[in-house]
Amino acid sequence: DKSVKVLVKDNDDTHELQADILRSNAEDLVTELEKYKNDNDSMAIRYEEAVKMLAEPEDDNKHTLDQLRRYQKEVETLKGIMRQYVRQIDSLNNVASNLKSENTSMKEKIKSQELLVSQAEERADELGTKVRQGAVIQVSAIKAYTLNANSKEVKAIKRASRLRVDFELTANALAEPGKKNVYICITNPDGYPLSSLTEVIMFNFEGEQKMASAVREVDYENNSVPMSIFYDGEAFGKGTYIVDIYIDGRH
């Protein structure tokens, strides 16, 4: 080893050749590290070390073989570190790419599930609407009669003081059973609604308050129920009378 040291010190050409090799390796290292210096703090530190090491031979051209070997070892060490960081970066990029792909796939699945939920909700709303419509209590066999003060049917309208509306609540297994108010609204031939002479009868229809001519409570147990509702009035005129019947907020 001692003979080699003397030989290198005395041989300027060999020294310069090794210095050139070292500089070339160091320059290659700096170039590579510069690509990754902004990726994280460790790479930035390594880049600064490599730049500093590259500058040292410029400041001092007298280097022993031991110094050259030390520089060469540092170069190899930094290259190894750089390769490790490159592998980590590639691995992270692959993970990020996979996550992006999985994220895209997951978004598509979420959209698909949202579509299924939306379709299910629409179907549920549709079925709910059908159930509500099917639960409506219908009326049939509607007839109206003019009566006198003794509730006897009369033919002449001028003799009438009462109106009787007969109809039947049809059987419906889907309807809500229990006590219910049945309202009738009568409109005279002039288009005016007839109101009760003894009280104001109001009920809710489609979110609005509506005035009724008469009301009667009935106990509905999903079976057909024949019933009559009377309206007491005065001065009935000739013409067509319109009768609307409401139950459970339905017309």
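Modeller: Before we start, a polar contact here is a pair of N or O atoms within 3.5 Å; within protein, one must be able to donate a hydrogen and the other to accept it, and residues adjacent in sequence count only if both atoms are side-chain atoms. Also, this is a predicted model: local features need pLDDT of at least 70, side-chain atom pairs count only at pLDDT 80 or more, and totals for chains, interfaces and linings use all residues. Residues are numbered from 1 along each chain as its sequence is written, and side-chain values use heavy atoms, with hydrogens and water left out.

Colleague: OK. What lies 3.0 Å from the backbone nitrogen of Asp-190?

Modeller: A polar atom of the Asn-188 side chain. Asn-188 itself is in the loop between β3 (178–187) and β4 (193–194). Strands, by the way, are DSSP runs of E with at least two residues, and helices are H or I runs of at least four, both numbered from the N terminus.

Colleague: Is Asn-188 buried or exposed?

Modeller: Buried, because its relative accessibility is 16%. The cut-offs are under 20% relative accessible area for buried, over 50% for exposed and partly exposed in between, with a 1.4 Å probe and protein chains only.

Colleague: Switching to the sheet. What is the order of the 3 strands?

Modeller: They run β1-β2-β8 in an open sheet, and the pairing is antiparallel. Two strands pair if DSSP finds at least two bridges between them. The edges are β1 (139–147) and β8 (225–232), each pairing on one side only. On average, neighbouring strands there are turned by 15° against each other, direction ignored. For that angle, axes are lines fitted to C-alpha atoms (for helices over the stretch in contact), and angles run from 0 to 180 degrees between N-to-C directions.

Colleague: How many bridges do β2 and β8 share?

Modeller: 8, in the antiparallel sense, with β2 covering residues 162–169. Within that pairing, Arg-162 stands opposite Asp-232 in β8.

Colleague: What does Asp-232 form with Arg-162?

Modeller: A salt bridge, with the closest N and O atoms 2.5 Å apart. Asp-232 lies in β8 and Arg-162 in β2, so the pair ties together parts that are 70 residues apart in sequence. The rule for a salt bridge is a side-chain nitrogen of Lys or Arg within 4 Å of a carboxyl oxygen of Asp or Glu. In general, side chains of opposite charge can pair when their charged atoms come close.

Colleague: And how accessible is Arg-162?

Modeller: Arg-162 is buried at 18% relative accessible area, while Asp-232 is partly exposed at 42%. The Arg-162 side chain also makes a polar contact of 2.5 Å with the side chain of Ser-151.

Colleague: How many salt bridges are there by this rule?

Modeller: 3. Another one joins the side chains of Asp-166 and Arg-164 at 3.0 Å, N to O, and Asp-166 is buried at 16%. Then there's Lys-180 with Asp-248, also 3.0 Å from N to O. Lys-180 sits in β3 and Asp-248 in the segment after β9 (242–247), so that pair links parts 68 residues apart in sequence. Lys-180 is buried at 6%, whereas Asp-248 is partly exposed at 46%.

Colleague: New topic: what do β5 and β6 form?

Modeller: A hairpin with 2 residues between the strands. They pair in the antiparallel sense over 5 bridges, and Ile-201 stands opposite Ala-212 in β6. Glu-206, in the turn, has a positive phi of about 55°. Glu-206 is exposed, with 69% relative accessible area.

Colleague: Where is Ala-141 found, and what is its phi?

Modeller: Ala-141 is in strand β1, with a positive phi of about 55° although it is not a glycine. Ala-141 counts as exposed at 57%.

Colleague: Last one: which residues make the nonpolar surface patch?

Modeller: Val-200, Met-202 and Met-211, with about 280 Å² between them. Patches take residues with over 30% relative accessible area and no salt bridge; like charges are joined within 9 Å, and nonpolar side chains (Val, Leu, Ile, Met, Phe, Trp, Tyr) within 5 Å. The areas come from the Shrake-Rupley method with a 1.4 Å probe, and for residues, only the protein chains shown count as cover.

Colleague: Where does Met-202 lie?

Modeller: In strand β5, residues 201–205. Met-202 is partly exposed, at 38% relative accessible area.
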